[in-house]
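Subject: Structure for you to look at

Hi,

Here is the structure I promised to pass on. Please open it and keep it beside this email while you read.

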Amino acid sequence: MAKTENKEFLKPAEFARKVWLAGVGAYGKAFEDAQERFEKLNLESNELFDNLVKKGEKIETETQKRLEKVQAEATSNIEDRIAKVRESIAFPFPKVVKEDRIEKLELEVAALKRKVAALSSTKAAPKKAAKKKAAKKAA
Amino acid sequence: MADKIKTRDRILMTSLDLFNEEGEPNVTTVDIANELDISPGNLYYHFKGKDLIISALYDEFDHRMRDVLQAPIDKPLGLEDNWYYLYVVFEEIYAFRFFYQNLTDLQARDKATEAKFRRILDLKRKSITAIALSLRDADVIHARDHEINALTETIVLTLTYWLTFQELTHGEANAGRIIHTGVFQIMSAFAPYFGEGQRDFFESCIEMLNAALANS
């Protein structure tokens, strides 16, 4: 049992991703030199596959980066436009809101502190309470 | 560089202006060619009819509107920016207003456009819901989920028909007035859900609007 657990094997999803990455790698420049090497090494397929996966990973990150860049540009475009509107229109936002919120949070923290204190005292002194009860009964 | 805009783009920009100003049904390809000072043949070389110009413009609108609507879905805007963002959405609608002034025509044009516009409506819903939820998280509004759904529908309806409604009510109106009043109409939809601290804010906003409208 333990042996099979230790043995490294690819989960189906992970494997599918690697196949995908190998595909991505094959579309990149990697394709030609990989093919050349394929002929030379003649069926050292594991190494080829690993290589393709590596290159695929690189291309995937690059694609991802490019995508993120496009997204960031779209967002900054909106932010710029919002900033422009802000310049011409100044909404009378209430300044108190934030203070209110801090006050509310402070109250919450205080309440939590009390709860924690109550919990730790009941935990620390169950015997005391029992003693008190006993004392009360005796009296 | 800048003065050498491609003829195709110049045709699109001029058509958009003319459609917006005169109303799309009142503009012919000859009008567009005249405005551009090119021959109708040259225009025909780029677009084989008005419908193709309209659908190219629609694609441009679709692309830009998606970018705008996607923003609050991808990442919450700054709390105060939510209100300014509404101006940006209205600006986008106003820039392509001839579509919004003729939504029934747009729908009747072809199935593809109809489906695309439905996706825009759906994206509007998602975008407004995202804003409402972020306002709720920040305690600016207090609303239950079904209230947020209803609020979203009202706002999407307002965004979509505000221009037509303004035209029906006031006739020709300037862009500033239409967009200002539209944003405040949407704010009023939020108003019943504002917490105590926000009521004064809303009151001051109304004062601000009245001042702005008096100046325009």
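Are B:Trp83 and B:Phe194 buried or exposed? Both B:Trp83 and B:Phe194 are buried. Keep in mind that this is a predicted model.

**Overall make-up of chain B**

Chain B has eleven helices and zero strands. Along the sequence, the pattern reads α-α-α-α-α-α-α-α-α-α-α. Chain B has 216 residues, and 45% of them are buried.

**Aromatic rings**

A pair of aromatic rings is described by two things: the distance of the centres and the angle of the planes. Over all chains, there are 17 aromatic pairs. Start with B:Tyr58 and B:Phe99, an edge-to-face pair. Their centres are 5.1 Å apart, with 80 degrees between the planes. This pair links distant parts of the chain, 41 residues apart. B:Tyr58 sits in helix H4 (residues 50–74) of chain B, and B:Phe99 sits in helix H6 (residues 97–100) of chain B. B:Tyr58 and B:Phe99 are both buried.

Now go back to B:Trp83 and B:Phe194. Their ring centres lie 6.0 Å apart and their planes stand at 75 degrees, so this pair is edge-to-face. It also links distant parts of the chain, 111 residues apart. B:Trp83 is in helix H5 (residues 81–95) of chain B. B:Phe194 is in the loop between helix H10 (175–190) and helix H11 (196–215) of chain B.

Which residues form one aromatic cluster? They are B:Phe19, B:Tyr58, B:Phe61, B:Phe96, B:Phe98, B:Phe99, B:Tyr100 and B:Phe117.

**Salt bridges**

The structure holds 17 salt bridges over all chains. One of them is between the side chains of A:Arg81 and B:Glu91, at 3.6 Å from N to O. A:Arg81 is in helix H4 (residues 45–88) of chain A and B:Glu91 is in helix H5 of chain B, so this pair joins two chains. B:Glu91 has a relative accessible area of 32%, so B:Glu91 is partly exposed.

Next, find B:Glu114 and B:Arg118. Their closest N and O atoms are 3.1 Å apart, and the two residues form a salt bridge. Both lie in helix H8 (residues 111–137) of chain B. They are four residues apart, about one turn of the helix. B:Glu114 counts as buried because its relative accessibility is 17%, and buried means under 20%.

Then look at B:Arg125 and B:Glu153. Their side chains meet in a salt bridge at 2.5 Å, N to O. B:Arg125 lies in helix H8 of chain B and B:Glu153 in helix H9 (residues 145–170) of chain B, so the pair ties together parts that are 28 residues apart in sequence. B:Arg125 is partly exposed at 29% relative accessibility. B:Glu153 is partly exposed too, with a relative accessible area of 39%.

Salt bridges can also share partners. Here they join A:Arg81, B:Arg64, B:Glu91 and B:Glu92 into one network.

**A charged patch**

Where do B:Asp17, B:Glu22, B:Asp31 and B:Glu35 gather? They gather on the surface, in a patch of negative charge. Helix H1 (7–22) and helix H2 (29–36) of chain B each give two or more residues to this negative patch. B:Asp31 is found in helix H2 of chain B. At 32% relative accessibility, B:Asp31 counts as partly exposed.

Best wishes

Conventions:
Residues numbered from 1 in each chain as written. Chains lettered and ligands numbered in written order. Predicted model: local features only at pLDDT ≥ 70, side-chain atom pairs only at ≥ 80, totals over all residues. Heavy atoms only, no water. Patch = residues over 30% accessible without salt bridge, like charges linked within 9 Å, V, L, I, M, F, W, Y side chains within 5 Å. Areas by Shrake-Rupley, 256 points an atom, 1.4 Å probe, with all protein chains shown as cover. Salt bridge = Lys/Arg side-chain N within 4 Å of Asp/Glu carboxyl O. Lys, Arg positive; Asp, Glu negative; His and termini not counted. Charge placed at Lys NZ, Arg CZ, Asp CG, Glu CD. Buried < 20%, exposed > 50% of the residue type's maximum accessible area, 1.4 Å probe, protein only. Phe/Tyr/Trp six-rings, centres within 6.5 Å; stacked < 30°, edge-to-face > 60°.
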